[in-house]
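Trainee: I want to know what stands behind each label. Can we go through them one by one?

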Amino acid sequence: MERFPVLVWEDFQGNFTASLLDTENSIAAYAATADEALLQLKDYISWLYDKNPWQILPDLSNPKMLTFRVDIRPEYRVSNNDGEDRIYPCEQTFPFHVVAVYGQQESGNFLAILPTLNIHFYYYEESAIKGLVTHYTEENLKGLTPREVARLLPPKKVFLEELTVNISSKNRDHKSTSQIEIVAEVAEPIGEKSLLKRYGKAWEREPEVADLVERIKKEKPNIIILGEPGSGKSTLLADAVRQIEKRRDENDDDENRFEHKFWLSSSARLISGMKYLGQWEERCEQVIAELANIDGYLCIENLLDLIKVGGSSSQDSLAMFFIPYLKRRELRLIAEATPSELDACRRLLPGFADLFQIIKLQEFTRDKAVTVLDRTANSLKHSFSVEVDPKLPDMVYRLFKRFAPYQSFPGKSVEFVRGLFDKLTVSKNSLLGNKDVINQFIQQTGLSELFLVDELPLHPDNVLNYFRSQVIGQEEACQIATNLVTTFKAGLNDPNRPIGVFLFCGPTGVGKTELAKAISRFFFGHNQKSKDERFIRLDMSEYSGFFAAERFLGDKEPSEWIKKVRHQPFVVILLDEIEKASPEVFDAMLSLFDEGRITDKYGRVTYFRSAVIIMTSNIGADKLDLIGFGKTPPPSYTSEAMSFFRPEFYNRIDTVVRFNPLNQQMILEITEKELAQVAKREAFSKTGVKLFWTKDLVLQVAKEGFDPRYGARPLQRTIESLVVAPLAHQLLIEPLTGKKSVEISLDNNKKLLSHFT
């Protein structure tokens, strides 16, 4: 790699000239833009030194540029009849601005160049430059007429650049230009067949692919491929590389060319294993040098990661380290970014993104998205030797558009289609149809087929009865949960918000958490393998005090619960005891409740539009007359919530759901329900033995397990101590083998009795 000082100037017509600052060669390029002129000059220098490797390299190191004013007096010369010249100086002097570039040569001499006047001179001290520039300028312009001086006037704009050119070393030294040991350690060649197989064809992106190929072939700039997640940025790059390398294979006869020039890596991989100060910088310098030797590109999966990785701030990050190399064209970079990530880059490290050209991927229309899915299915069906239902692409598009509208096409939908074909290797079906699509979507989302197929009816009474069976005595809350389900089934929920945002208010132990779990089971409990992932519970008392918002959202990396939502967006999120959270956490929730999204300081977006968000609170419950079992009028939880929360927070809640205190009849029903859960435990389920209980047992457990202050919470502890533990002792003495049923009751001393049949 060699560096060449270049002077670039803009003329008054808006065109640019790039001239090599070299006393031996007068080389210049002319173009409509400065970048084009520099690129032409770079290509010519590379060609020149490749053909003439003995050519002397410029040796002006670290040049500086200054502009000096020299007052000159043009003059006219008129010849008389005798052939003598008479001189008529102008009445006034004119300011003439001279551009001077100066620096030290390898020999140690100090050289100054006046490029617009084509003057070179040596100096001994920098302080003498001004006087010498004045002297040589006056000498050079002496005797010139105003018209002749006008031809030498400086251009509109002048600036100094430095070109980094890969000079062929085959005749300068014996090092190979194709050594890429370090690059191969930290990156993969995109052109490798094994890597290209990960990406399909960039269907319906042909204009963008052609644009990317054209820019790489002609301009060789740094490029950002901009698009929402799933819009096909990586596929676009892979398709462009595929085309470039195919054309090169067909047309390039250079035996010394390197096979792969596009290398895919990540920020984390570039610095992996670097423990000591300066190690990753040294590795990156080696990567830059090796890529320059093969005229290659470094491709980064996430532009924002370059700013996040490397140090404690953006000022000592990988991006900051790369900036001078990008400016000098020593490094060529292609990176992917979303619009929000690009905004974060501009905010965190101003000027970095300006070093790139941007290729933006527009959102697909419905027709284009369906076409991509259809072409994907048709390309795969030949490999798997199966038939595909013609309606399958429409079905996949409809499901993703309806239930995951925030995901860009083709992204996840194409992965979904590929997953359908992968499952065929197990099922060995010969036809891929809509039923396969439904089953796969149920596995991924947990949603019931009732939601996915419009033709299947869903009766509100059945939904209401389900919630009544799960949560005893909370008629109003069960009705609101039913309304949530029926609205979602009808497709009338707002697609730009969460499915629902609720505040459950009431005393402790009355079923708030249980109803949240029941909603999770009804919506997303139809994939048994991952049903536990569908319910996320956060204790909001942990997000109080200093730095609460950072703990809630995460600092450099997203918090664990946000990672879970990114992995599985179809969830119920329970924010328990919301009133105990810090006010700054409430501020962080505003966009979550209103727009169904959270954007962190790095521009990373997490969507919650497929989630149900439930908050629980005890505010107002202290005003209940608990001993009276609800005989006094209950407090207005809506008023209490309006008084506690700020208006902008409260207005984003869909409904404040009231939970009533438990009465004696509710406790009896809950006790029956909990005992039924004991009957489903492993000891009975694996043997098929039925468990029964007497009414007296239910009354005694309800009496001991209910506390007006804690609701039904102590009930489970009572069942464990009064029923489960004694029953376990008896089953160890008398195993269930050969038994059909067990009836449990209490004797006069409140001890458990078991009767086996």
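Mentor: What follows takes labels on this predicted model and sets values against cut-offs.

Trainee: What makes β20 and β25 edge strands?

Mentor: Look at the order of the open sheet: β20-β21-β24-β19-β25, paired in parallel. β20 (535–539) and β25 (655–658) each have a single partner strand, so one side of each is left without a neighbour in the sheet. From one strand to the next, the twist averages 20°.

Trainee: How do you know that β20 and β21 pair?

Mentor: Two strands pair if there are at least two bridges between them. β20 and β21 (residues 572–576) have 5 bridges, in the parallel sense. Asp539 stands opposite Asp576 in β21.

Trainee: Which strands does helix α19 lie across?

Mentor: Helix α19 (residues 475–490) lies across β19 (500–505), β24 (612–617) and β25. The helix runs at about 145° to β25.

Trainee: Why is the pair of Arg658 and Glu476 called a salt bridge?

Mentor: The cut-off is a side-chain nitrogen within 4 Å of a carboxyl oxygen. The closest N and O atoms of Arg658 and Glu476 are 3.1 Å apart, so the pair meets the rule. Arg658 lies in strand β25 and Glu476 in helix α19, so the pair ties together parts that are 182 residues apart in sequence.

Trainee: What separates Lys218 and Glu214 along the helix?

Mentor: Lys218 and Glu214 are 4 residues apart in helix α6, which means about one helical turn. Their side chains meet in a salt bridge at 2.8 Å, N to O.

Trainee: What makes Phe524 and Phe570 an edge-to-face pair?

Mentor: Ring centres must lie within 6.5 Å, with planes over 60 degrees apart. For Phe524 and Phe570 the centres are 6.2 Å apart and the planes are at 70°, so the pair is edge-to-face. Phe524 lies in helix α20 (residues 512–524) and Phe570 in the loop between α22 (560–567) and β21, so parts 46 residues apart in sequence are tied together.

Trainee: How do you know that Phe524 and Phe570 are buried?

Mentor: Buried means under 20%. Phe524 has a relative accessible area of 0%, so it is buried. Phe570 has 6%, so it is buried as well. Both residues belong to one aromatic cluster, whose members include Phe400, Tyr466 and Phe488.

Trainee: How do you know that a charge sits over the ring of Tyr325?

Mentor: The distance cut-off is within 6 Å of the ring centre, and the charge must also be within 35 degrees of the ring normal. The charged end of Arg328 sits over the ring of Tyr325, 5.2 Å from its centre. The charged end of Lys739 sits over the ring of Phe756, at 5.8 Å.

Technical notes
Residues numbered from 1 in each chain as written. Predicted model: local features only at pLDDT ≥ 70, side-chain atom pairs only at ≥ 80, totals over all residues. Heavy atoms only, no water. Helix = DSSP H or I, 4+ residues; strand = E, 2+ residues; numbered from the N terminus. Axes fitted to C-alpha atoms, helices over the stretch in contact; angles between N-to-C directions. Contact = heavy atoms within 4.5 Å. Phe/Tyr/Trp six-rings, centres within 6.5 Å; stacked < 30°, edge-to-face > 60°. Buried < 20%, exposed > 50% of the residue type's maximum accessible area, 1.4 Å probe, protein only.
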